[in-house]
Amino acid sequence: MSAPARKRLLSGMQPTGTGALHLGNLEGALRNWIRLQNDYEMYCCIVDWHALTTRFHEARAIAPASRQVAADYIASGLDPERCAIFLQSHVKEHAELHLLLSMITPLGWLERVPTFKEKRELMEARGEGDETVSYGLLGYPCLQAADILVYRAHLVPVGRDQAAHLEITREIARRFNRLYGEVFPVPEALIDEQTAIVPGVDGRKMSKSYDNAIYLCDPPDVVAEKVRNAFTTPTKIRKTDPGVPENCVVCQLRRIYDPEGYRISWEEDRAGARGCLQNKKELIDILNAFLDPIRRRREELLADPAELDRILLHGAERARAAAAETMQQVRAAMGF
Ligand code: TRP
């Protein structure tokens, strides 16, 4: 008997906006994947077709955004030799499985998904009307199920916000297995309880849509400008006023990126022995030292499009090999 194969893990991220990732993406998802890549057979999918569910009117912006995501992945430490980094659109098996799964997915399951309801309300509030809520948007969780099941993944590292999507994936897998025979493991969400919640510069959760994010690609002077404008303890006006590091964006970021040194600075802050200006100055240096190698690596990758293409095609080839095997079983099970 050969050694048991390692468990399979699939993760996905949408290329939103320009595709550039921020510290919240890094700490909330990527950091976890980088850790997991050593222990699992891992597939990291950049879900460019999913991006069409809301960006169909700017389809041409999606490919460059996907490349930014890939560059940020690799620059942050995902290793394309250990884990398959690829675009969803390069592996057509996702589309075939999506079509088949769509036939066994009850409409009610999709209509009940909270993210669908939210997106629909958002679009309607913007006055975009019914015509922008597409069949594809409703089917988003079904395509996500195909992303996962086409690799017969056991584990899916996701944030808590993805629980409903994962639940539908599990229901679809069970339904398929009941109808046609056991093909799919029922995948489990792997929710990392320890991930740091990264505050944005305005104190809310760091998010592209809040315009409060520090990006991995922000040049040093942009990082400095953002930190200088970041929210601190509102009642700390003078240096001698006591700070509340728990309520201060600058102190929170320091804890994440200076896990040893932050303690003293927090004590001094609380005691009114240091001011926000000093906190900010030091954080700017800490963040820039952290981001420097990431910025350099991503620049190298983006400056050499052929190399990035090669990495993505290599990732797609490995993904396709696994996906094709699943599809043979799926077709056989269904009698096609
Ligand atoms: N819906 C996920 C998100 O918004 C992205 C995604 C698509 C995904 N397919 C996936 C995540 C498969 C995990 C597995 O973050």
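Helix H8 gives the most to the shell around the ligand, with 4 residues. This is a predicted model, in which local features need pLDDT of at least 70 and side-chain atom pairs count only at pLDDT 80 or more, while totals for chains, interfaces and linings use all residues. Residues are numbered from 1 along each chain as its sequence is written, and side-chain values use heavy atoms, with hydrogens and water left out.

The residues surrounding the ligand include Leu10, Gly12, Val47, His50, Ile148 and His165; a residue counts as near a molecule if one of its heavy atoms lies within 4 Å of it. A polar contact is a pair of N or O atoms within 3.5 Å.

The protein covers 87% of the 360 Å² of accessible area that the ligand has on its own (Shrake-Rupley method, 1.4 Å probe). Strand S1 (8-13) and helix H8 (140-149) are the elements that give two or more residues to this shell. Helices (H or I, at least four residues) and strands (E, at least two) are DSSP runs, numbered from the N terminus.

The largest nonpolar core has 55 residues, of which Leu23, Trp33, Tyr73, Leu78, Ile85 and Ile214 touch the most other members. Such a core is a set of buried Ala, Val, Leu, Ile, Met, Phe, Trp, Tyr and Cys residues joined through side-chain atoms within 4.5 Å. Buried means under 20% relative accessible area, exposed over 50%, and partly exposed in between (1.4 Å probe, protein chains only). At least three residues of this core come from each of domain 1 (8-198 + 305-334) and domain 2 (218-296), with bounds from an automatic or database domain assignment. A second, separate core of 41 residues includes Leu101, Phe116, Ala153 and Ala173.

Two further residues lie in helices. Asn288, in helix H13 (residues 276-303), is buried, with a relative accessible area of 12%. Its side chain is joined to that of Arg295 by a polar contact of 3.1 Å. Arg31 belongs to helix H1 (residues 23-36) and is partly exposed, with a relative accessible area of 28%. Not counting residues up to four places away in sequence, Arg31 touches Leu26, Tyr257 and Phe290, where contact means heavy atoms within 4.5 Å.

Terms used
A polar contact is a pair of N or O atoms within 3.5 Å; within protein, one must be able to donate a hydrogen and the other to accept it, and residues adjacent in sequence count only if both atoms are side-chain atoms.
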